[in-house]
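Grab a pencil and keep the viewer open. Each exercise below sets a task and then walks through a solution.

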Amino acid sequence: LAIENSLRSAIANDEFVLHYQPQVEPVSGRLVGLEALVRWQNPEDGLVFPDSFIPVAEETGMILEIGRQVFEKACRQAARWREAGLPLVRIAVNLSARQLRQPDLPDMLAAIMKECGADPEMIELEVTESMTMERPVESIRILGALKSMGIGLAIDDFGTGYSSLSYLKLFPVDKLKIDRSFVKDIEVDPDDAAIASATIAMAHTLGKKVVAEGVETQTQLDFLVQHGCDIIQGYFYSKPLSAEDAEQYLVQRA
Ligand code: G
Ligand code: G
Ligand code: MN
Ligand code: NA
């Protein structure tokens, strides 16, 4: 209950900030995206990571308001960076299950983008494999609506849920993100290596790109590049950066 109350005041006092993790095309070295990751700037505890408040926010429904604030911040940032003449890359925003099922989600997101001066081409949404597969038919409809607006779509944590491949085929998403748990031991665990390479091959057959998460070493990178992985996200290139540091990162690439 204590955390519930302080989350409520965090919402009221605008205590959430976004950090941004670069997503890089490994062959060209080109920056292609930034994943927005929320942190709670708590006046007493300092920077609090999402794992310690997102679950409570989901249980209580506060995730809807937090998610709205996160989306608005990402849109404002994207618009500001464009105005500054910085390279245009999509900002990827994580959605939770409750947000995906909000009946007016597409309209709400469209209204926020308009208000912030952000275009759908500047935004990507990440939904997890498990939340989409829980209600696949409904998810296909909602994702279709978002896609037709021009928003990019990615399936996060891919490989950790129970995918029905016949539904996956019908999801109008642009990218699959291979979960970090498969990347971690990719050099030593033949099962993880097989899962990663099969995911890349399957995604390409379905016309989707692949992002590998949690890439930390040259050997992991080499394996993924050899198997055709399109985009790399992880400490190998960069940890998540504050908005200020992300801006410097963009300036260096402008
Ligand atoms: O770096 P990190 O500790 O930020 O992220 C931990 C987890 O929190 C990630 O799996 C990510 O999916 C989730 N997360 C980060 N930001 C957001 C957000 O804005 N909304 C939701 N729903 N989840 C987020
Ligand atoms: O949305 P999602 O679960 O995928 O969020 C990514 C999470 O992974 C965040 O907590 C982020 O800080 C973390 N992360 C990103 N890159 C790396 C990495 O190279 N190694 C590790 N251990 N964690 C990472
Ligand atoms: Mn994510
Ligand atoms: Na993930």
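**Exercise 1: a strand from both sides**

I123, L125 and V127 point one way from β5, E124, E126 and T128 point the other way, and all are buried. (Buried means 20 or more other C-beta atoms within 10 Å of a residue's own, exposed means 12 or fewer, partly exposed is in between, and C-beta atoms are placed from the backbone.) Strands (E, at least two residues) and helices (H or I, at least four) are DSSP runs, numbered from the N terminus. A word on the ground rules: this is a predicted model, where local features need pLDDT of at least 70, side-chain atom pairs count only at pLDDT 80 or more, and totals for chains, interfaces and linings use all residues. Residues are numbered from 1 along each chain as its sequence is written, with chains lettered from A and ligands numbered from 1 in the order in which they are written.

Task: say why β5 is largely enclosed by the rest of the structure.

Step 1. In a regular strand the side chains alternate between the two faces of the sheet.

Step 2. Count along residues 123–128: six of the six are buried, so β5 is largely enclosed by the rest of the structure.

**Exercise 2: follow the sheet**

Task: which strands does β5 join by bridges, and in which sense? Strands pair if DSSP finds at least two bridges between them.

Step 1. Look at β4 (residues 90–94): four bridges join it to β5, and the two run parallel. A92 has E124 as its bridge partner in β5.

Step 2. Now try β6 (residues 152–158), which is joined to β5 by five bridges, again running parallel. Here E126 sits opposite A154 of β6.

Step 3. Carry on from β6 to β7, a parallel pairing over three bridges. A154 turns up again, with K175 as its bridge partner in β7.

Step 4. β7 (residues 175–178) is joined to β8 (residues 209–212) by four bridges, in parallel. K175 has K209 as its partner in β8, and L176 has V210.

Step 5. Finish at β9 (residues 231–233), which runs parallel to β8 and is joined to it by two bridges. A212 stands opposite I232 there.

Step 6. Check the faces of β7 while you're at it: K175 and K177 on one side, L176 and I178 on the other, are all buried.

**Exercise 3: two ligand shells**

Step 1. (Nonpolar covers Ala, Val, Leu, Ile, Met, Phe, Trp, Tyr, Cys and Pro; charged covers Asp, Glu, Lys and Arg; the others, Gly among them, are polar.)

Step 2. Around ligand 2 sit Q21, L37, N94, D156, R180, E213, G214, V215, E216, G234, Y235 and P240. This shell splits into four nonpolar, four polar and four charged residues.

**Exercise 4: a helix pair**

Task: how do α5 and α7 cross?

Step 1. The axes of α5 (residues 105–116) and α7 (residues 136–149) come within 9 Å and cross at roughly 25°. Axes are lines fitted to C-alpha atoms, for helices over the stretch in contact, with angles from 0 to 180 degrees between N-to-C directions.

Step 2. α5 and α7 are therefore roughly parallel to each other. (Under 35 degrees is roughly parallel, over 145 roughly antiparallel, 65 to 115 roughly perpendicular, and the rest oblique.)

Step 3. As for hand, α5 passes α7 in a right-handed crossing. Right-handed means the near helix is turned clockwise from the far one by less than a right angle, and left-handed means anticlockwise.

**Exercise 5: positive phi**

Task: are D14 and D157 buried, exposed or partly exposed?

Step 1. Most residues other than glycine have a negative phi. D14, though, has phi near 60°, and D157 has phi near 55°.

Step 2. D14 lies in the loop between α1 (2–12) and β1 (16–25). It's exposed, with 10 other C-beta atoms within 10 Å.

Step 3. D157 belongs to β6, and its 19 C-beta neighbours inside 10 Å make it partly exposed.

Note on methods
A residue is near a molecule or strand if its C-beta atom, placed from the backbone, lies within 6 Å of it.
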